[in-house]
Protein chains: 2
Amino acid sequence: MAEQGEVRWLDDVEMNAWRGYRRMSIHLEAELARDLLASAGMSVSDYSVLSTLGRVREEQGVDASMRVSALARHLEWEQSRLSHQLRRMEERGLVVRCTDEGDRRGQRVSLTEPGWAAIVEAAPAHVADVRSRFTDRLTREQLIQLAAITDAVLCGLPAGAPD
Amino acid sequence: MAEQGEVRWLDDVEMNAWRGYRRMSIHLEAELARDLLASAGMSVSDYSVLSTLGRVREEQGVDASMRVSALARHLEWEQSRLSHQLRRMEERGLVVRCTDEGDRRGQRVSLTEPGWAAIVEAAPAHVADVRSRFTDRLTREQLIQLAAITDAVLCGLPAGAPD
DNA sequence: ACGCGAAACATGATACGTCATGTATCCTGC
DNA sequence: GCAGGATACATGACGTATCATGTTTCGCGT
């Protein structure tokens, strides 16, 4: 707004990139959320939690469980957010929590059968959605460029794994 | 999750782009929101509304106003979201609404003096933030690539203008 | 001139995210 | 072996987004 001396406003190239990014981000988020809710009755947050726990189950067997703090780090979520999320998911019967006998401060989460069934059923449609709305709209080169761009912006953040 | 026949899962290149994008998106959103709240005591939504109305004021003079529906289209927000947002902002004295005498179904919004002062004061720091966290971390070429990428993903959406 | 669908908003319920704070358990130095 | 700080979560308050629905006003056809 109002010229203020030494403010470096964004030039055209920067503005196009920034606005484009914001618009893409907002639309994509909204569309994926809507589709996931319609096709599987779950939120993106639900999906993230279930899919992470699902991967752990695939690796470690049917009664795999995970420390809540580890899950929070993996998702790069605030601990408080995850706590609320897990409470809601537990109420819906998708996951269960129990105190970790090794360190009684902590909790372990694991998928219930309905939780496992939910992610198995939801995943194909969601992946197809990510494809049709995102990756399939870009060339291989653009995918590689984008990965480089996000790395530059995230420059050396610890690394976790959403979705 | 569990192999399901004909699901085309994401390969490495696609996965890197997708995860990178999601991580960038989440972090950037959170950081900008936090900084804006700390430096100007407003949310990103507040900023978007104020900055749009601010631009209108710069173009049309001190007592410029805008139809709520036009603002919603410009921001690409749902009407309901904007209505709630404007109510809260009106309560804080940043904007005012009055019924449009030309079409009494509608409302016109305009900045109050405190609203104008707020955006004038907030903008420089926010732009600096966008720079340091985003555009300044990328090369000119990457900015251009990114704009092309977002256009491809948004492929022919009506176009509005966040921020 | 009147009836009726559409347009433009407002509102209430609900879900979600963040912040500030509370509680239990653990660990370390002394 | 026991304070005192740190760690791991839970919880309540609050702001915000979405959906469904309600209210007023327009405009159009007859």
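1. What radius of gyration does chain A have, and what would a compact globule of 163 residues have? Chain A has 19 Å, whereas a compact globule of 163 residues would have a radius of gyration near 15 Å; the radius is taken over C-alpha atoms, and the globule rule is 2.2 Å times the number of residues to the power 0.38. Along its principal axes, the C-alpha trace of chain A spans about 60 × 35 × 30 Å.

2. A word on the basis of these values: this is a predicted model, in which local features need pLDDT of at least 70 and side-chain atom pairs count only at pLDDT 80 or more, while totals for chains, interfaces and linings use all residues. Residues are numbered from 1 along each chain as its sequence is written, and chains are lettered from A and ligands numbered from 1 in the order in which they are written.

3. Chain A contains 6 helices and 3 strands, where helices (H or I, at least four residues) and strands (E, at least two) are DSSP runs numbered from the N terminus. Read from the N terminus on, its elements follow the order α-α-β-α-α-β-β-α-α. Of the 163 residues of chain A, 32% count as buried, that is, with 20 or more other C-beta atoms within 10 Å of their own, C-beta atoms being placed from the backbone.

4. Between the two chains, 53 residues of chain A are in contact with 53 residues of chain B, a contact being two C-beta atoms, placed from the backbone, that lie within 7 Å. On the side of chain A that touches chain B, the largest share, 15 residues, comes from helix 1 of chain A. By class, this side has 32 nonpolar, 11 polar and 10 charged residues (Ala, Val, Leu, Ile, Met, Phe, Trp, Tyr, Cys and Pro count as nonpolar, Asp, Glu, Lys and Arg as charged, and the others, Gly among them, as polar).

5. Around DNA strand C there are 26 residues, of which Arg104(A), Val68(B), Ser69(B), Ser83(B) and Gly106(B) come nearest; a residue is near a strand if its C-beta atom, placed from the backbone, lies within 6 Å of it. Helix 4 of chain B gives the most to this surface, with 6 residues, and by class the surface has 3 nonpolar, 12 polar and 11 charged residues.

6. DNA strand D is surrounded by 27 residues, and the closest are Val68(A), Ser69(A), Ser83(A), Gly106(A) and Arg104(B). Here helix 4 of chain A gives the most, with 6 residues, and the surface near DNA strand D has 3 nonpolar, 12 polar and 12 charged residues.

Conventions: A residue is buried if 20 or more other C-beta atoms lie within 10 Å of its own, exposed if 12 or fewer, and partly exposed in between; C-beta atoms are placed from the backbone.
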